[in-house]
Amino acid sequence: MVSAWITGIHFVTTLPAPAPERDWSELPVDALSSVFSKLGAVEILMGAGFVCSSWLHAAGMPELWRFVDMASHKLVQVLDKNALHAMAKVAVDRSGGQLEVFAGKRFVNDDLLKYISERASSLNRLRIISCKDVSNQGLAEAITKFPLLDELELSLCSNVYERHLFETVGKSCPKLTRFRRSENRVHRYGHNTHYKDKEAMGIATMAELRSLHLFGNSLTNAGLAAILDSCPLLESLDIRHCFNVKMDGTLRAKCAGLKTLRLPDDSIDDYEFQDQLPSWSLYIIDLVSDDDDFGN
């Protein structure tokens with residue numbers, strides 16, 4: 001109660017009682033789950049889930065871990081790879097086999113992919129970015145365990161490149177409708193189309209594709225024609241910075257039915273990896289000759 005005199009008038013005011021201090025540990029589990037779902041995997045694994053026993057319980061609910069994004073958070077750029085690797089395994093375990101989406105940047109390796117493949121057969125979206133420790137063999141073995149995969153991104157992964165790998169994706173993931181691949185290699189213009197089209201020929205086995213993004217790929221007209229002929233459901237195609245493709249009348253006719261088409265010289269203002277653009281040269285010596293037998 002506050003009492004005051006103003007020009008001969010006595011005022012008496014009753015102040016509201018202070019609100020009792022809230023006990024956040026008593027929040028219902030569904031409310032906590034809603035909060036955690038907005039935080040994301042990294043924040044929860046970095047400590048939000050350890051405030052008290054009730055928060056820890058809520059943080060372990062499998063439905064909270066269907067979507068695990070460990071690529072977008074800024075801390076992924078600075079945290080130790082081993083720590084991120086361990087955190088990702090915890091996230092996979094907490095999903096209880098319900099993991100549907102996983103995205104990882106920098107830290108994913110063959111061991112982690114194997115771990116996920118053995119525990120997440122319902123995975124339908126996989127993004128792997130800037131992960132040099134992922135190999136052709138490791139990814140090929142893991143991808144066979146993801147028959148429901150609908151969307152796949154393999155960007156800036158320097159040790160992922162073989163035709164056989166992409167053929168394995170096409171064979172093992174019959175529901176795949178979206179494939180995205182950005183590269184930052186050094187490419188050479190010109191000849192040796194067999195070598196330059198090896199990835200394209202593998203991608204051509206992904207017959208159900210609706211959307212294809214190939215940034216900075218070495219494919220030529222022949223490789224692109226193979227993809228267009230083998231993927232009749234394709235609606236969106238992005239081949240920016242694919243400078244071995246020369247859009248002639250034949251290719252333009254094949255692209256006529258596409259809803260969205262972005263060509264090699266189109267603007268890259270909205271490109272996600274502006275700081276890691278591929279390089280193109282007239283003088284890089286091919287690693288193999290035109291006469292080499294590639295087998296696959």
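A residue counts as buried when its relative accessible area is under 20%, and as exposed when that area is over 50%; values in between are called partly exposed. The exercises below apply this and related criteria to a predicted model.

**Exercise 1. Classify the aromatic pair F166 and F179, and state whether its members are buried or exposed.**

Solution. 
1. A pair of aromatic rings is described by the distance of the centres and the angle of the planes.
2. The structure holds four aromatic pairs. In the one formed by F166 and F179, the centres are 6.0 Å apart and the planes make an angle of 75°.
3. Ring centres must lie within 6.5 Å to pair, and planes over 60 degrees apart count as edge-to-face. The pair F166 and F179 is edge-to-face.
4. F166 belongs to helix α7 (residues 163–172) and F179 to strand β7 (residues 178–182), so the pair joins distant parts of the chain, 13 residues apart.
5. Both F166 and F179 are buried.

**Exercise 2. Describe the pair Y271 and F273, and find the cluster that holds these rings.**

Solution. 
1. Y271 and F273 pair edge-to-face, with 5.8 Å between centres and 85° between planes.
2. Y271 is buried, as is F273.
3. Ring pairs connect F215, Y271 and F273 into a cluster.

**Exercise 3. Determine where D150 lies, how accessible D150 is, and which residues D150 contacts beyond its sequence neighbours.**

Solution. 
1. D150 is in the loop that runs between α6 (136–143) and β6 (151–155).
2. Its relative accessible area is 27%, so D150 is partly exposed.
3. With neighbours within four places in sequence set aside, the contacts of D150 are N124, K175, L176, T177 and R178.
4. F179, from Exercise 1, is 29 residues from D150 in sequence, and their C-alpha atoms are 8.6 Å apart.

**Exercise 4. Compare the span of helix α4 with its expected span, then describe its ends and its buried residues.**

Solution. 
1. Helix α4 covers residues 81–94, 14 residues in total.
2. From first C-alpha to last, α4 reaches 20 Å, close to the 20 Å expected at 1.5 Å a residue.
3. Just after α4, G96 has a positive phi of about 55°.
4. L84, H85, M87, A88, A91, V92 and R94 are the buried residues of α4.
5. An α-helix has 3.6 residues a turn, so residues three or four places apart point the same way.

Notes:
Residues numbered from 1 in each chain as written. Predicted model: local features only at pLDDT ≥ 70, side-chain atom pairs only at ≥ 80, totals over all residues. Heavy atoms only, no water. Helix = DSSP H or I, 4+ residues; strand = E, 2+ residues; numbered from the N terminus. Expected span 1.5 Å × (residues − 1). Buried < 20%, exposed > 50% of the residue type's maximum accessible area, 1.4 Å probe, protein only. Polar contact = N/O pair within 3.5 Å; in protein donor to acceptor, adjacent residues only side chain to side chain. Contact = heavy atoms within 4.5 Å. Phe/Tyr/Trp six-rings, centres within 6.5 Å; stacked < 30°, edge-to-face > 60°.
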